[in-house]
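Hello,

Here is the structure you will be working with. Please open it beside this email and follow along residue by residue.

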Amino acid sequence: PASYMDINITGTTSVLEAMRAGGVGRMVFASSSSIYGARKQGPFRETDSTAVPASPYAATKRAGELLCASWNHLYGMHATCLRLFTVYGPRQRPEMAIRLFAERIRQGLPVRMFGDGSSARDYTYVEDIVSGILAAIDRPLGFEIINLGNGSPVRLDQLIAGLGGALGKEPLIEALPDQPGDVPLTFANVEKAKELLGYSPKTPVEKGLAAFAAWLEEDGGPTSPID
């Protein structure tokens with residue numbers, strides 16, 4: 001938690017102050033769907049309560065949004081906070097879930113699945129997220145909070161099976177208890193993004209997983225050692 005606090009709160013404050021001092025009038029802040037907390041029903045709307053984040057990371061992202069709101073109020077700075085929903089795709093960092101699952105499947109190692117597989121995430125392909133970020137950069141909106149997601153949650157067990165299919169290998173599963181801080185569902189309502197940014201996600205998870213698997217096999221290099 002201390003590193004989250006340092007980067008997401010102190011770091012965001014430093015950026016905002018540098019912008020104020022340098023006369024930079026607008027920014028796009030990468031927030032997170034995790035701030036909606038442990039909810040079992042969706043879709044999640046920007047007006048929904050975020051009073052009980054489910055993890056320290058989520059709390060720091062909400063704090064970053066509030067800092068952006070404060071600098072907008074005090075100094076008129078444009079700040080668009082994008083709540084990103086489970087971004088994946090080519091070049092994903094090795095410790096992120098889909099990349100980690102893929103590496104274990106490639107090596108014939110069991111995928112560590114926390115919970116019974118019924119948790120669901122609104123997996124959003126990186127090209128769709130980038131289109132939303134670019135649109136936000138081009139549109140100064142004052143202070144706004146906007147969801148960027150796919151609008152179609154996928155169960156964890158279905159995601160792992162689909163990733164195995166894309167890689168051409170049957171996944172082995174190691175079932176583990178739920179992790180503290182994990183949430184049962186993320187599910188974006190993207191109507192505000194469509195209205196303000198012209199955002200329209202175009203990549204279903206099957207197509208996105210296929211593109212990710214193709215990149216991993218062709219350009220991702222040899223399998224990374226997994227402990």
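Start with Cys81, which sits in strand E2, residues 78-84. Keep in mind that this is a predicted model.

Is Cys81 buried or exposed? Cys81 has a relative accessibility of 0%. Buried means under 20%, so Cys81 counts as buried.

Which residues does Cys81 touch? Leaving out residues up to four places away in sequence, its contacts are Phe29, Glu65, Cys68, Phe143, Glu144, Ile145 and Ile146. Now find Ala97. In sequence, Cys81 and Ala97 are 16 residues apart. In space, their C-alpha atoms are 24 Å apart.

Next, the nonpolar cores. The largest one has 21 residues. Within this core, the residues with the most contacts are Ile98, Tyr123, Leu159 and Leu163. H7 gives the most, with six residues.

Take a look at Tyr123 in particular. Again leaving out residues up to four places away in sequence, Tyr123 touches Phe85, Thr86, Tyr88, Ile98, Asn150, Val154, Leu156, Leu159 and Val205. Two of these names, Ile98 and Leu159, are also on the list of residues with the most contacts inside the core.

There is also a second, separate core. It has 17 residues, and Phe44, Ala136, Ala188 and Leu197 are among them.

Now zoom out to the whole chain. How many helices and strands are there? The chain has seven helices and nine strands. Its radius of gyration is 18 Å. The globule rule gives 17 Å for 227 residues, which is close, so the chain is as compact as a globular protein of that length. Along its principal axes, the C-alpha trace spans about 55 × 35 × 30 Å.

How much of the chain is buried? Of the 227 residues, 41% count as buried. Contacts reach across the sequence too. Among those with a separation of 6 or more, 88% are between residues 24 or more positions apart.

Last, the surface and the charges. The accessible surface is about 11200 Å², and carbon and sulfur atoms make up 56% of it. The chain carries 22 positive and 25 negative charges.

Best wishes

Terms used: Residues numbered from 1 in each chain as written. Predicted model: local features only at pLDDT ≥ 70, side-chain atom pairs only at ≥ 80, totals over all residues. Heavy atoms only, no water. Helix = DSSP H or I, 4+ residues; strand = E, 2+ residues; numbered from the N terminus. Rg over C-alpha atoms; globule rule 2.2 N^0.38 Å. Buried < 20%, exposed > 50% of the residue type's maximum accessible area, 1.4 Å probe, protein only. Contact = heavy atoms within 4.5 Å. Areas by Shrake-Rupley, 256 points an atom, 1.4 Å probe, with all protein chains shown as cover. Lys, Arg positive; Asp, Glu negative; His and termini not counted. Charge placed at Lys NZ, Arg CZ, Asp CG, Glu CD. Core = buried A, V, L, I, M, F, W, Y, C linked by side-chain atoms within 4.5 Å.
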